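Let's walk through this protein together, starting with the whole chain and then stopping at a few places along it. Please keep the sequence and the 3D view open as you read.

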Amino acid sequence: MGNDMELRIEKYQDAMAQVWDRFVLQESMNGTFLQTRRFIEYHPAGKFKDSSLIVYKGNAVVAVILACDINEKSKKTFFSHKGTTFGGILLSPGFYSASNVDLLMTELDRYWSGENYDEIVLKMTAPVFCRKNTDLIDYFLYQRGFEQYDELNYYMKLDRYQDGILEQFSSSKRRDYRYSLKNDLTFSRLDSPEGIRQFYDVLGLNLNKLNLPRVHQYEELLDLKFNRFPENIEFYGVYKEEIMIAGSMIFLFRGGVMHTQYLASDEKYLSYFPMDFLIYHLLETALEKQMKYFTFGICTENHGKYLNLGLSRFKEGFGTEFCIDRTYYREINRER
């Protein structure tokens, strides 16, 4: 095992947290803060059975996979990862060659078989968040028999917006935004727990209307914002006088990407067009921060099979382009 050409796959241990997070944020070509230990560990201890992997070539970390075990219906699944938007295989650019990724897949197949997994699920980092093209990973997953499902992600290249945000909007969106200006709305960043509480309440109204569960508790939002990622997470609100009527939780990614993790509005005030007002000002904020991309996230449900066309039209009205969020999965056939 002393050969520097060989790969060594180890299960993640708590003592590796610093090495892990440095690799994800500074050394990988496709990692985001959503795949750090610092992020995933905002979840209560014991919520997930961690099965994350760290891959060495010699003494150097060349890949990591944030993952958890799921055991349902007598099936053991390696899932990367239930607690965050993206998991997938994160690679070092110095390791990124066909022969190396081929070798990595061989070793991972051996590892997964040895650990008696029945299924592998990998939620890959969307291309707009990657610092370099990672098509080699997609190719070798395809070659090794992985199937995939695709979600449709909506984003904007902000260089087009520098000479005028409204010029990029559809005519109906321009009209809606101009109408919002007649309603004495104000836009502000939310820097206090009280402001975030107001946003959380507006978000709750939205989720209840859509019959969706809350993904985050209020205390978790405060933990993420004030303890874990003060530089990466921001909140914004739109007010009518003293009442917040719309708001957003924003993630800021390395590489100049501003992402709307949540957009929410109080439907009692929809006639004021607060969402159009909010998005215009978020785009203005992104330009002030010299961001390159503004991402809206997906409009698809049921593993990409259903496209919410109403939501799609709404997002397209602001001038979006499209990329694919890809999830790979494979059953492992083994003797029982």
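This is a predicted model: local features need pLDDT of at least 70, side-chain atom pairs count only at pLDDT 80 or more; totals for chains, interfaces and linings use all residues.

Residues are numbered from 1 along each chain as its sequence is written, and side-chain values use heavy atoms, with hydrogens and water left out.

Let's begin with the chain as a whole. It holds nine helices and 17 strands; these are DSSP runs numbered from the N terminus, with helices being H or I of at least four residues and strands E of at least two. The C-alpha atoms fill a box of roughly 70 × 40 × 35 Å along the principal axes. The radius of gyration, taken over C-alpha atoms, can be set against a globule rule of 2.2 Å times the number of residues to the power 0.38. For 336 residues a compact globule would come out near 20 Å, and the chain has 21 Å, which agrees.

How much of the chain is buried? Of the 336 residues, 54% count as such, where buried means under 20% relative accessible area, exposed over 50%, and partly exposed in between (1.4 Å probe, protein chains only). The chain exposes about 16,300 Å², with carbon and sulfur atoms supplying 48% of it; the areas come from the Shrake-Rupley method with a 1.4 Å probe, and for residues only the protein chains shown count as cover. Among contacts (heavy atoms within 4.5 Å) between residues at least 6 apart in sequence, 74% join residues at least 24 apart.

Now turn to helix α5, residues 171–180. Its buried residues are Lys173, Asp176, Tyr177 and Ser180. They cover an arc of only 100 degrees around the axis, so they sit on the same side of α5; the arc is that of the directions from the helix axis to the C-beta atoms. What covers these buried residues includes β10 (185–189), α8 (274–288) and α9 (309–316). On the other side of α5, Ser171 and Arg175 are exposed.

Helix α4, residues 135–143, has Ile137, Asp138, Phe140 and Leu141 buried. The buried residues of α4 pack against β7 (89–91), α3 (98–114), β8 (119–123) and β17 (321–331). After α4 comes Gly145, with a positive phi near 90 degrees.

The backbone has a few other places to look at. Most residues other than glycine have a negative phi, and most peptide bonds are trans. Ser80 and His81 are joined by a cis peptide bond, with omega about 0 degrees, and His81 lies in the loop between β6 (75–80) and β7. Ser74, in the loop between β5 (68–72) and β6, has a positive phi of about 55 degrees although it is not a glycine. Ser74 is exposed, at a relative accessible area of 70%. Phe273 also has a positive phi, near 55 degrees, and belongs to the loop between β13 (257–265) and α8. Phe273 counts as partly exposed, because its relative accessibility is 25%.

Our last stop is Asn232, in the loop between α7 (218–228) and β11 (233–240). Is Asn232 buried or exposed? Asn232 is buried, with a relative accessible area of 19%. Leaving aside residues up to four places away in sequence, Asn232 touches Phe33, Ile250, Phe251 and Leu252.
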